[in-house]
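I opened my notebook to look up a few spots in this structure. Here is what I wrote down as I went.

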Amino acid sequence: FFGSDWVVCSLRQFLLCSLSLEMVAKAISASAFRGEKKRTSSPFLVAAVLGLVAYVGAPWAFAALGRSSALRGQGSRHVQVDRRAEVAEADVEVKEGEEFEFQAEVGRVMDIIVNSLYSNKDVFLRELVSNAADACDKKRFLALTESDEPPEPMKLRISTNKETRQLIIEDNGVGMLKEELQENLGRIARSGTANFVKDLGSGDADVSLIGQFGVGFYSAFLVANKVEVYSKSFKKAGEGKVHKWSSTGHSYSLAAIPEGEVDFFGEQSGTRIVLSLREEAQEYLDSGKLQDLLKKYSEFITFPIELYNEKVQYDQVPDESAAPPKEGQKPKMKSVPRSVYEWETMNKMKPIWLRNPEVVNESEYTEFYKTTFKAFDEPLTITHFKVEGQIEFRALVFIPSTMPFELTRDMFSPEGRAMRLYVKRVFINDKFEDLIPRWMTFARGVVDSEDLPLNVGREILQKSRTLKIIRKRVVRKVLDTIDELRENNPMKFEGFWNSY
């Protein structure tokens, strides 16, 4: 009511007029009745002053009343808004009880995998080779349980095409159906290996598979801008058909391939992965680079890994620039180099740490030590053991007879670490600081465990109780070996003491 301007003005004028008239009337009647001629103050002056005060003060008073009323109105409106908010929150609580699936942009997820999950581009070859080895393991198992015919000898083959800038990785493993290509490759973080193990049911089957996370395949996009997968399934439902999966990283396509268009080296089944390498990844077309990576990461894979390697052979031909031979003499010959391409097996060394220590002789230990750690000396001590129980792991530890070259300047140099960590025969890293203590950096060896907590990229060893147990057992065994050396062979112990 007090917020209306015309009402305020009318009241103000009414009040002023009433006050002024009342004061004037009082002044006139008082003057006439008493007949006083002298006064200290004039009634007319008092009326004028009061009228002025009313004129100035009335607007302020009514404005204050208007504000008070407005505040009361706002308070009531706030109460209504708060009640509406409470009702809205109640509705939200009801809706929050529903379940929704997380949504993700495939392009963004792929970008994270390519740029964040792996710190070293070289691991793409380790991941793809491990997947191919898993495919061979699956085929071997299915051939024993579901197939009437024995599997053909399984292996992996790697070749390059420098003209088209392509790297080709092929295996004659179990292969994939069209539905499996869509499920395993078309869905990020879906592990075909993990599902295969789950489908085994009881878990009593003797099958050792590597992949678990379902993202290793996509490491191919670290070096390739296009990936093509050709696959023929070993399962009867496949009927020998070949399907092609192709992707540039954001979407993929599936298509059936006419018979005879793709030739697999395996007759029963297989998978061929063709990587169209990026401009900055042409180094992986070099057979020398591939050979180094295969020996580093996949040297102990169960199945043979063959690399189509270029070799130089020298042929002996007559030297035309030489003087003609004398009678009875043979013409002068010269050597002419000739490039020859042939399949060469990369993983000839066997993982002796998986064997029983009682059946491994000293010469095998020495050969393994010199080949794996590129050493020229003989191992001073050998510690080979297996731990079973809450956790399972195998370890093979050597103490060099002479100080390793990497430690000659700094005995605690991180670069001198050579305790190699394997998971199911696949090399992970040899620079983990938590695997052995700093003062034992001189030791060379292998630890193979399936229980170690690795990150998805299999590059970071996470701290855990399992790691502490492995570290404690390895250190205890090495110290026991040194103590036995002191008791049984004082001369060798003196050499160890002088070196370290």
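I started with Arg 165, which is partly exposed at a relative accessible area of 25%. My cut-offs: buried is under 20% relative accessible area, exposed is over 50%, and partly exposed is in between, with a 1.4 Å probe and protein chains only. Arg 165 sits in the loop between strand S1 (156–161) and strand S2 (166–171). Helices (H or I, at least four residues) and strands (E, at least two) are DSSP runs, numbered from the N terminus. Phi of Arg 165 is near 60°, a positive value in a residue that isn't glycine. I noted that because most residues other than glycine have a negative phi.

This is a predicted model, where local features need pLDDT of at least 70 and side-chain atom pairs count only at pLDDT 80 or more, while totals for chains, interfaces and linings use all residues. Residues are numbered from 1 along each chain as its sequence is written, and side-chain values use heavy atoms, leaving out hydrogens and water.

Next I looked up Lys 374, another non-glycine with a positive phi, about 50°. Lys 374 lies in the loop between helix H8 (362–373) and strand S9 (379–387). Is Lys 374 buried or exposed? I found it exposed, with a relative accessible area of 70%.

Then came Glu 392, in the loop between S9 and strand S10 (393–400). Glu 392 is partly exposed, at 46% relative accessible area. Ignoring neighbours within four places in sequence, Glu 392 is in contact (heavy atoms within 4.5 Å) with Val 387, Ser 449, Glu 450 and Asp 451.

On to helix H4, residues 123–145. How far should its 23 residues span? The expected span is 1.5 Å times one less than the number of residues. That gives 33 Å for H4, and its end C-alpha atoms are 33 Å apart, so the two agree. Of those 23 residues, 19 are buried, so H4 is largely enclosed by the rest of the structure.

Last, I checked the largest nonpolar core, which has 60 residues. A nonpolar core is a set of buried Ala, Val, Leu, Ile, Met, Phe, Trp, Tyr and Cys residues joined through side-chain atoms within 4.5 Å. H4 gives this core its largest share, eight residues. Those with the most contacts inside it include Phe 124, Leu 125 and Phe 368. Apart from it lies another core of 30 residues, Ile 436 and Phe 496 among them.
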